[in-house]
Amino acid sequence: MSSAMITEDGILPIALGDNWVYAVISDGEAALVDAGPDFDGAWDALVAQLAAAGLSLGDVRSVFVTHAHIDHCGLAHRWQDQGIPVAAWSQEAPQFLHGRNIIGYQTQYVFQALARMGVPQERVTGFIEEREKMRAAFRAGDDTGGGRRRARWPGLIRGTPFKPDQLLEDGEEIAVGRRRLRMVAAPGHTPGNAVLFEQETGALFSGDQLIPGSIPNPGWHYDLSAEPPRRFRSLPAFVASLEKVGALDVRRLYPGHGERSDAVEAELDRSRRHYTKRQRQLREALEGGLATPYELMRVLFPRLPDRRLWQAMAEVVGQIDALVERGEAMEVEEGQLVRIRGA
Ligand SMILES: [Zn+2]
């Protein structure tokens, strides 16, 4: 076995475009963390990187997927085709059935919510137009989406709906050889997001919960089993999960994107500072009286391009949720509009 690429923790990091998949190795067996994104050539690249470390597909005993975003779970169906079981937190199970529509299914609810939050219709239209332009660029083979951002993967990534073979609960373990990986439920980034922790090495497979050098954006998610569909308040959950993860004895981060890091406390603090700062800005903005979430967004992001509208509103709405949860702000319904008042 070539050990050059295997970390001192006995972990093989596998690069697939912008994503990391990790093989946790013990006695010639491996458990995978995340299935990997499904772009042309991804599967072959994955198999080749396993082979370079002396592992065949038959050595992989299980695949755990941290959450239902397609860059993390896109290849789950390929693993299942190999007869290798795919596991996830039970709470995320319904999300995997959306496949590549994991963002799209929420669109109609998000647009309704944006109108209630005071976003002018022309800005929503502007956002839709920008998004269509980007999609057209993708379809035309321009992976950068019109050259606005760097390509994160060598090509389009697919999302095939699937049903996990094994549903885990918080604290349950995945065994591979003599090693034990504990699933830690960490809702927020998605409603059923989870991370894996190995007590013995202090390795945390943090998925999108903790990404060194960047702050994950809180997403929009709707519980479609409620009538009307209920918005999941992602940011308070995300911050609570951050503290839950911070209470573990983590010595090294193995994130879903970006560089591995031993600076665990510094990374936690960077995230905390970000949320503290944004919430302070919002509290200050609310001293002027009632404001719609859109007006608050304009205070935080005065020169926001239309294409970033969804993302920016998700951030602001998330921070408002956190303030409301702590009793520092309240939502006031006024006909079709919702306004926020400082408390
Ligand atoms: Zn994600």
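Predicted model: local features only at pLDDT ≥ 70, side-chain atom pairs only at ≥ 80, totals over all residues.
Angles of 65 to 115 degrees between axes count here as roughly perpendicular.

## Packing around helix 9

Helix 7 (residues 264-286) packs against helix 9 at an angle of about 75 degrees, with the two axes 10 Å apart. The two helices are therefore roughly perpendicular to each other. On the helix 7 side the contact is made by R278, Q279, L282 and R283, which meet Q319, I320, A322 and L323 of helix 9. The residues of this contact comprise 4 nonpolar, 2 polar and 2 charged.

Helix 6 (residues 234-246) also meets helix 9; their axes come within 7 Å and cross at roughly 75 degrees. Helix 6 and helix 9 are therefore roughly perpendicular as well. Here S234, L235, P236 and V239 of helix 6 face G318, Q319, D321, A322 and E325 of helix 9. The residues of this contact divide into 4 nonpolar, 3 polar and 2 charged.

For helix 8 (residues 293-300), the axis comes within 9 Å of the axis of helix 9, and the crossing is at roughly 110 degrees. That angle makes helix 8 roughly perpendicular to helix 9. P293, L296, M297 and L300 in helix 8 are in contact with A312, M313, V316, V317 and I320 in helix 9. The make-up of this contact is 9 nonpolar residues, with no polar and no charged ones.

Helix 7 also holds D269. D269 counts as exposed because it has 12 C-beta neighbours inside 10 Å. From D269 to G246 the separation is 23 residues in sequence and 9.7 Å in space, C-alpha to C-alpha.

Six strands form an open sheet in the order 1-2-3-4-5-6, with mixed pairing. Strand 1 and strand 6 (166-168) are the edge strands; each has a single partner strand, so one side of each lacks a neighbour in the sheet. From one strand to the next the twist averages 25 degrees.

Strand 1 (residues 11-16) runs antiparallel to strand 2 (residues 19-26), and 6 bridges join them. Within this pair, I11 is placed opposite V24 of strand 2. The two strands form a hairpin with 2 residues between them, and G17 in the turn has a positive phi of about 60 degrees. Helix 1 (residues 42-52) lies across strand 1 and strand 2, and runs at about 155 degrees to strand 1.

Further along the sheet, strand 3 (residues 29-33) pairs with strand 4 (residues 60-64) in the parallel sense over 4 bridges. A31 has S62 as its bridge partner in strand 4.

E198 lies opposite A203 of strand 10.

Strand 14 and strand 15 form a hairpin with 2 residues between them, and G335 in the turn has a positive phi of about 60 degrees. M330 stands opposite R341 in strand 15.

| Strand pair | Sense | Bridges |
|---|---|---|
| Strand 1 (residues 11-16) and strand 2 (residues 19-26) | antiparallel | 6 bridges |
| Strand 3 (residues 29-33) and strand 4 (residues 60-64) | parallel | 4 bridges |
| Strand 14 (residues 329-334) and strand 15 (residues 337-342) | antiparallel | 6 bridges |

## The nonpolar core

The largest nonpolar core has 84 residues, of which Y22, A23, V24, L32 and F64 touch the most other members. Helix 9 (residues 309-325) gives the most to this core, with 8 residues. Apart from its neighbours within four places in sequence, L32 is in contact with V21, Y22, A23, V60, V63 and F64.

Technical notes: Residues numbered from 1 in each chain as written. Pairing = 2+ DSSP bridges. Axes fitted to C-alpha atoms, helices over the stretch in contact; angles between N-to-C directions. Contact = placed C-beta atoms within 7 Å. Core = buried A, V, L, I, M, F, W, Y, C linked by C-beta atoms within 7 Å. Buried ≥ 20, exposed ≤ 12 C-beta atoms within 10 Å, placed from the backbone. Parallel < 35°, antiparallel > 145°, perpendicular 65-115°, else oblique. Nonpolar A, V, L, I, M, F, W, Y, C, P; charged D, E, K, R; others polar.
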